[in-house]
Amino acid sequence: MSTENKNLPNPIDITRIMEMIPHRYPILLVDRLIDYVPGESAVGLKNVTMNEPHFNGHFPGMPVMPGVLIIEAMAQTSALLVVETLGEEAQGKIVYFMSIDNAKFRKPVVPGDSLHIHVEKIQNRGKVWKFQGTAKVGDTVCAEAVVTAMLTDQDAG
């Protein structure tokens, strides 16, 4: 999948993202959805900056984005794909993260990096969706994991 789809009429910007998923600062970890194929795949963009609160302690003098936040960015990109795929059917629903499998961290992500989060649907059975996620800076794979999520009523949590 390309990093940016030139045929995508309107990338999904942060304003639309905040309408689609409930996450907010400091845990909203996708700045833009730059590519997607409904029901199949998506590429999210996270611009990593030194202004993020986790860099105060992870690690002083050597800032590294925590791996768990990279996985969360994969989960959020996956949730955006689910919501975009289902359209009106997703109204009043929320996508809950269920599991992480086969997480691997290959290279540190640091302030100044543009992290491209690639997700591809592996499986969809009813309300449960499974995705292969790969986080890259340029062509370098920084992390990968399989994430599973479930679509449920927003007030069912």
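Predicted model: local features only at pLDDT ≥ 70, side-chain atom pairs only at ≥ 80, totals over all residues.
Visitor: Let us begin with the strands. How many bridges join strand 4 to strand 5, and in which direction do the two run?

Guide: Pairing of strands is read from the bridges between them. Strand 4, residues 114-125, and strand 5, residues 128-137, are joined by 10 bridges and run antiparallel. Within this pair, Asn124 stands opposite Trp129, and Gln123 has Lys130 of strand 5 as its bridge partner.

Visitor: What lies between strand 4 and strand 5?

Guide: The two strands form a hairpin, with 2 residues between them. In that turn, Gly126 has a positive phi of about 60 degrees.

Visitor: Which strand is joined to strand 5 by 10 bridges and covers residues 140-153?

Guide: That is strand 6, which runs antiparallel to strand 5. Val137 stands opposite Thr140 of strand 6. The hairpin of strand 5 and strand 6 has 2 residues between the strands, and Gly138 takes a positive phi near 65 degrees there.

Visitor: How many bridges join strand 2 to strand 4?

Guide: There are 7 bridges between strand 2 and strand 4, and these strands run antiparallel.

Visitor: Let us turn to a single residue. Where does Lys46 lie, and is Lys46 buried or exposed?

Guide: Lys46 belongs to strand 2, which spans residues 41-47. Burial is judged from relative accessible area, with under 20% counting as buried. Lys46 has a value of 6%, and therefore it is buried.

Visitor: Which residues does Lys46 touch, not counting those up to four places away in sequence?

Guide: The residues touched by Lys46 are Leu29, Asp31, Glu52, Met65, Asp113, Ser114, Leu115 and Ile117, once residues up to four places away in sequence are set aside. With Glu52 there is also a polar contact of 3.3 Å, which joins the two side chains.

Visitor: Where is His54 found, and why does His54 count as buried?

Guide: His54 is in the loop between strand 2 and helix 2. His54 counts as buried because its relative accessibility is 16%, and the limit for buried is under 20%.

Visitor: Which residues are in contact with His54, leaving aside neighbours within four places in sequence?

Guide: Those residues are Met65, Pro66 and Leu69. His54 and Pro66 stand 12 residues apart along the chain, and their C-alpha atoms are separated by 7.7 Å.

Visitor: Let us consider the open spaces. How much space lies in the largest pocket, and which residues are closest to its centre?

Guide: The largest pocket holds about 260 Å³ of space. It is lined by 13 residues, of which Glu19, Met20, Val83, Ala90 and Gln91 are the closest to the centre. Two elements give two or more residues to this lining, namely helix 1 (14-20) and helix 2 (67-86). Helix 1 gives the most, with 3 residues. By class, the lining of the largest pocket consists of 5 nonpolar, 4 polar and 4 charged residues.

Visitor: What is the space in the second largest pocket, and which residues are closest to its centre?

Guide: The second largest pocket has about 160 Å³ of space. Among its 14 lining residues, Tyr25, Pro26, Leu28, Lys46 and Glu52 are the closest to its centre. Here Lys46 and Glu52 return, the pair whose side chains are joined by a polar contact. The lining of the second largest pocket divides into 7 nonpolar, 4 polar and 3 charged residues.

Visitor: How many cavities of 30 Å³ or more does a search of the whole structure find?

Guide: The search finds 1 such cavity. The space in the largest cavity is about 50 Å³.

Visitor: Which residues line the largest cavity, and which element supplies the largest share?

Guide: The lining consists of Met20, Ile21, Pro22, His23, Ala79, Val83, Lys93, Ile94 and Val95. Helix 2 and strand 3 (93-105) each supply at least two of the lining residues. Strand 3 provides the largest share, 3 residues. By class, the lining of the largest cavity has 7 nonpolar residues, 1 polar and 1 charged.

Note on methods
Residues numbered from 1 in each chain as written. Heavy atoms only, no water. Helix = DSSP H or I, 4+ residues; strand = E, 2+ residues; numbered from the N terminus. Buried < 20%, exposed > 50% of the residue type's maximum accessible area, 1.4 Å probe, protein only. Polar contact = N/O pair within 3.5 Å; in protein donor to acceptor, adjacent residues only side chain to side chain. Contact = heavy atoms within 4.5 Å. 1 Å grid on protein atoms, 1.4 Å probe; cavity = no way out; pocket = protein on both sides within 12 Å on 5 of 7 lines; lining within 4 Å. Points joined across faces, edges and corners; volume = space filled by probe spheres on them. Nonpolar A, V, L, I, M, F, W, Y, C, P; charged D, E, K, R; others polar. Pairing = 2+ DSSP bridges.
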